[in-house]
Amino acid sequence: MFLLSVSDEYCENSRFRISGKTDSVHPALFYQVPQTLFRPEGYDHREALFGVPPYGGSIAQSVYYADSDLCDPTVDTRRGYPIRAKDNNGKMEPWPTPYILMVDRGGCSFVQKVRNAQRSGAAGVVIADNTCLCSDKDCVSANGQDVCQPAEPIMADDGSGGDISIPSFLMFKVDADEIKAELRANHMVQIEMQWALPKPDDRVEYDLWTTPSDVVSKDFQKKFKPVAQALGDRAYFTPHMYIYDGIKSNCQGFDGENMCFNLCTNNGRYCATDPDNDLDHGISGADVVKESLRRICIWKHYGEQDGVGTQWWDYVQSFMERCDNPDYFMNDDCAADCYKHANINQDIIDRCMRDSGGLEKDTPNTFLDLEMQAQVSRGVVILPTAFVNTVALRGGLSTATVFTAICNGYLDGTEPKICSECESCGDFDECIANKKCKSKGGGGGGVSTHTFMSSILFICIAFGGAAFYHYRKTREEMREQVRGILAEYMPLEGEDGAVGSPMDFARRGGSENLMMS
């Protein structure tokens, strides 16, 4: 097991100081009302590593202070600030939707707070920090705090944030106190949370950080190939394999011995976690490192030139279908079979893996070293992570989410036709396959107007036919009942004055006049 530590240097470098320009690389936080709170450069904050931000868009709403840490799932929407009018029952009216909710830090995880806010109807969340930065001497002095923090914490997912769909920020204490003071004074405050992707030119670059054993990204890797092909040379893809630095993790002892056993290759230099948490059986960390190097080499020779990598996608999909289990994951023959299905030359890949430094000896591997350097410089701490124009995407990794982010990353007016055609299409997969949308309208899984109207007409005809049949059947049954009653209780006189048989009357349908003149 590895302990992944995040250095203070990383925390400080990932601190967001946002400009007000629309091509900002990072998300921005502005206060528009009152004017005294407005800062052209925006407010310092951290963005949560969970939730689904509206990439290329923004959320601008009134903010309400819950006056709570919001750890209780039962959220009282009638408390907090600014004070609202009272209803007929004498209770303060709830926060009017849509709104952005400010809550206090502490008491529970960031995910739990945002989840409770989401259930209460919030469109976004700002968590007010309760501890000063040690570098902010004025804040420490003003609050008389004995404890300070060297950097703002990372708003990481606690493992249960998959159901969070709203964005959230952590605001530094010195700024959050100022906002809370305005709200406690019953002044309305309006906030804008902005996610403008950088738009450098008419080509978007996007990356995916994952591992061959990562379960979460498998569905994405199975489905994204048609999208990559549809975008063509207008988007450049780069897959990255996350490798643990075994030397920093003390997997290489002072005498050069591999202390982490089968979790690492190159005598403890390059490591990966054990997918099945069983060091004696199944897939090992070393197996994951080997497959990672294999995929890096496949990309180098079959994807790096065009940025689409059709054969790389084919190999990954074939591997997941054939080899992604404890029996075949480390089997070279299974990998060779995947080469054939993806039309990849095995000799080229084997030579690439050897020439980069191999995996057996206590020597550096060039490609694995480059991956570790890239993950540190990019600040990757969560897997899987996708980047579009160097911006990390938050929320669940899905084909539609990445496609939308890519389409919002183009310089205005240079978006490829596939973006305008499929971004809001009802049937996204069909649109990508045909490069044309047949069912316009938001929301996946929609149907065309023609299909909808035809279905309605069919249902109307079916119900109409059933109703008519029921009417005829009921009418015949009533006639039979009347005939039976008449036959049993009403002996009638015939045309010649004789009393006829009741059954004769019933058989004739009861057509005689029952009242004699």
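Reader: What should I know before I start?

Author: This is a predicted model, where local features need pLDDT of at least 70, side-chain atom pairs count only at pLDDT 80 or more, and totals for chains, interfaces and linings use all residues. Residues are numbered from 1 along each chain as its sequence is written, and side-chain values use heavy atoms, with hydrogens and water left out.

Reader: Okay, salt bridges. How many does the structure hold?

Author: Here's the idea: side chains of opposite charge can pair when their charged atoms come close. The rule used is a side-chain nitrogen of Lys or Arg within 4 Å of a carboxyl oxygen of Asp or Glu. The structure holds 23 of them.

Reader: Which residue forms a salt bridge with Asp-175?

Author: That's Arg-39, with the closest N and O atoms 3.0 Å apart. Asp-175 sits in helix 4 (residues 173-184) and Arg-39 in the loop between strand 1 (28-33) and strand 2 (45-47), so the pair ties together parts that are 136 residues apart in sequence. Helices (H or I, at least four residues) and strands (E, at least two) are DSSP runs, numbered from the N terminus.

Reader: Is Asp-175 buried or exposed?

Author: Buried means under 20% relative accessible area, exposed means over 50%, and partly exposed is in between (1.4 Å probe, protein chains only). Asp-175 has 6%, so it is buried.

Reader: Which partner does Lys-180 have?

Author: Lys-180 forms a salt bridge with Asp-104, and their closest N and O atoms are 3.2 Å apart. Lys-180 is in helix 4 and Asp-104 in strand 4 (residues 100-104), so this pair links parts 76 residues apart in sequence. Lys-180 is buried at 14% relative accessibility, and Asp-104 is buried at 18%.

Reader: Now the nonpolar core. Which members touch the most others?

Author: In soluble globular proteins, nonpolar side chains tend to be buried together. A nonpolar core is a set of buried Ala, Val, Leu, Ile, Met, Phe, Trp, Tyr and Cys residues joined through side-chain atoms within 4.5 Å. The largest one here has 88 residues, and Tyr-31, Met-102, Tyr-315, Phe-403 and Ile-406 touch the most other members. Helix 7 (residues 285-302) gives the largest share of this core, 8 residues. There's also a second, separate core of 21 residues, including Leu-70, Val-111, Ile-127 and Ile-166.

Reader: What does Phe-403 touch?

Author: Contact means heavy atoms within 4.5 Å. Leaving out residues up to four places away in sequence, the contacts of Phe-403 include Phe-224, Leu-231, Cys-422 and Phe-428.

Reader: How many aromatic pairs are there?

Author: Rings of Phe, Tyr and Trp (its six-membered ring) pair if their centres lie within 6.5 Å; planes under 30 degrees apart are stacked, over 60 edge-to-face, and the rest tilted. The count comes to 19 aromatic pairs. Phe-220 and Trp-313 make an edge-to-face one, 6.5 Å centre to centre with 65° between the planes. Phe-220 lies in helix 5 (residues 218-223) and Trp-313 in helix 8, so the pair ties together parts 93 residues apart in sequence. Both Phe-220 and Trp-313 are buried. They also belong to one aromatic cluster with Tyr-206, Phe-224, Phe-237, Trp-299 and Trp-312.

Reader: Last one: is Phe-458 buried or exposed?

Author: Phe-458, found in helix 15 (residues 449-489), counts as exposed at 60% relative accessibility.
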